[in-house]
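Reader: I would like a close look at one part of this model: the place where the two chains meet. Please keep it simple.

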Amino acid sequence: MARINFCGSAAHAVNRRGFLSTLATAGAAAFAADMTRVQALALPEVAQDLRRNQKRCILLWLAGGASQMETFDPKPGAVTGGPFQSIQTSTPGVRICELMPKMARRFKDTCIIRSLNTRNGDHGGGSRMMMRGRAGESNLDYPDLGAVLARELGQENSSVPDYVSFYFATEGRMFAPGTPGFLGARYGSMDLYTSQIPENMRRAGISDQDHQARNELRGLISGQFERGRLSDSIDSHRQAYQRMRGIMAHERLFDINREPQAIRDRYGPTLFGQQCLAARRLVEAGVPFVRVGRAWWDSHGQNFETHQEMVPELDHVMATLLDDLEQRGLLESTLVITLAEFGRTPNINSQLGRDHFASAWSSTLSGCGIRGGSVYGRTDETGNRVADGEVNAARLFATIYRALGINHQKNYYVGVRPVPLTDPGTEPIREVLA
Amino acid sequence: MPSNPRNLRVAREIARRDILFSVARVPNSDRLFVASSTNKVYEIDASRTNAEAIEHADHGRYVTAVRLVGNTAISGGYDGRLIWWDIQNRRAIRTIDAHTRQVRHLALSPDGTKIASVADDMVCRIWNVASGERLHELRGHEPRTPTHFGSMLYVCVFSPDGRHLATGDRVGHVVIWDAAAGRQLSAVEAPTLYTWDGVQRIRSIGGVRGLAFSPDGAQLAVGGVGQIGNVDALQGPSRVEVFDWNRRQRVLEFTGQNGIVNKLIWTSEWLCAIGGGSNGLVMFHDVGRRASIHQGNVPMHVHDAVLNDDGNQIYAVGHQKIAVLELRA
């Protein structure tokens, strides 16, 4: 199936022509036969319709563990509550921390799950669990959420990456790197660690025109070599090259300088804001999964000042992202998640810090497939335990999959062994789904 | 009575369940007024370990500062309000919406006629203690840090003669004001007290937490925590910098064990820095001789402290405890 890539620029058409030209040179009859369809999909009204329907996901990964009490599950007045108050959201009776006034105002698309009990308060173990939706298994390398969504939502012949991960902070980066696991490298992440625009995409001194000429020469030679041969490796090589060419052609998608200044101003000057704008550009172009890692929330000391610094940024950027997606008609098809490896202790330590806590913490789901303006689950009055609606990692992931239209009971096969997307018997949280 | 910091000992500990952020003392007594994480101001007799705490003003949010003028306690908190409280009749005299963000600190002028408040709206306001009238509004601190995050204005202090007022913020910017005219006189920078980690964790920690003028008012001590490798906790050296603030020159610095300096007390004999990390810390320094007198531990992370009239006893308040420290000669 052809992939719809929307970016709205004239360059897109040029690259598509170049792509088809390459295919013709290589004698790829199967691709050429689909040209009519590709051209039809390029019609603005068709492209717009399809881009609205394709499901996507942006994960705001709050690495290090944001405090649920200073974000989505405040406990003002409790001995554990800290200094901040709660404020009313746009849903009567639902209150969040006063550090999040913008999200409070536009709560209509968001569901808070306040009852995560994931039982792993270790950065590494917690990160792996919350990126995979399950505990690890020594003899099986599970794919993470991004790889599964790349597989389930991506398109086979995509010219854009299926899984992009921004993570600039060095702390915690290796606790949960993009992991395709047994799905294989095809669904691995494009990890951006130091530059917003992928590095080494294009070798210095070689122009795009040079690359195109080389591609045509490669196609000619490959085509001659391929004649009369059947080879998976040749096909794989061609696919990889085409994919890389496609990604190179979409380099501009990562470049937020191409956005109008007014849009850039809305997201704000911080790295997190810039990366969320890039994430919006990517999902708009058809990238099914983007993770934006915002590190590092591990506030063992000075928890309240840390959150006073970081939560307003999260509030502003998240609200802006949801607004932007909505205004572009993309929010119905884009799921925005906030998640971390765990939350933080209700107890306040001697450094005015909060420590690791996985027994009663929060995540949010916004947009695609979600019953907005709602809360699921409840913690007790001090926030020390789940009082109602306990949710583990598997159930959260089943809910995410269902929100995105994916059968959470689907099996992958590793050899002959069936491996379900979520642990057997896991059910999504129906109350969270639209 | 002379004091000797080398003989520092903990005379008494009073256990608490709350966190105490500020303390004021009734002169010539052991009666303390403390600002609590339970949103209230309490009166406690620190001569007893099991004394009952008497409730006073209620801010409905963390109370961060309390000062005493005669029979009036003035407190500030996360609600942005200042409450004048009659401590004898236990009733509010006056409540003012003083700031749009949380009040961090209060300073009382030596003659007791003016009180200064600082808050995270990055404004210092000076008030007439008797009438509650606002006398000056001092704006000299940037609302945003250089990396575009909200800043915080932590501390203020009057000079011993009451003519000058100093204010210190998160990024280490300290402004010295003419307290009568409400005019900026000078500024000094202590950027080492602010750690911005733009590589590992992309956030910051630190700030100016303690300020004290020298007895002659010519120098200003600035306290906090030095540069921190891991901003997850207070894992950097406690740090004090002393400035000749007229010449805007740093003349001395000293560091101690890991933790943050939350309070500075400067007498004719010594400069005391007190605070904490996981544990409480205290340092005494002879500024004239540029020599350390004593460094040690106190039983808890200390947020505020006050000296007795004789200068040989410190009442320290902090994490779930009040400690009375003796410095007898």
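How many residues does the contact take from chain B, and how many from chain A?

Author: The contact takes 34 residues from chain B and 33 residues from chain A; contact means heavy atoms within 4.5 Å. This is a predicted model: local features need pLDDT of at least 70, side-chain atom pairs count only at pLDDT 80 or more, and totals for chains, interfaces and linings use all residues. Residues are numbered from 1 along each chain as its sequence is written, chains are lettered from A and ligands numbered from 1 in written order, and side-chain values use heavy atoms, without hydrogens and water.

Start with the area. Chain B and chain A bury about 2800 Å² between them (accessible area lost on being put together, 1.4 Å probe, summed over both). Of this area, 50% is on carbon and sulfur atoms.

Now the charged groups. There are 6 salt bridges across the interface of chain B and chain A (side-chain nitrogen of Lys or Arg within 4 Å of a carboxyl oxygen of Asp or Glu). One joins the side chains of A:Glu305 and B:Arg170, at 3.2 Å from N to O. Which elements of chain B take part?

Follow β1 away from the contact. In chain B, β1 belongs to an open sheet of 6 strands. Their order is β4-β3-β2-β1-β28-β27, with antiparallel pairing (two strands pair at two or more DSSP bridges). The edges are β4 (54-58) and β27 (302-307) of chain B, and each pairs on one side only. Neighbouring strands of this sheet are turned by 35° against each other on average, direction ignored.

Another pair in chain B is β23 (residues 260-266) and β24 (residues 271-276), which run antiparallel with 6 bridges between them. A hairpin of 4 residues joins β23(B) to β24(B). B:Ile260 stands opposite B:Gly276 in β24(B). Strand β23(B) is mostly covered: 7 of its 7 residues are buried (under 20% relative accessible area, 1.4 Å probe, protein chains only).

Note on methods:
Axes are lines fitted to C-alpha atoms, for helices over the stretch in contact, and angles run from 0 to 180 degrees between N-to-C directions. Buried means under 20% relative accessible area, exposed over 50%, partly exposed in between (1.4 Å probe, protein chains only). Buried area is the accessible area (1.4 Å probe) that two parts lose on being put together, summed over both.
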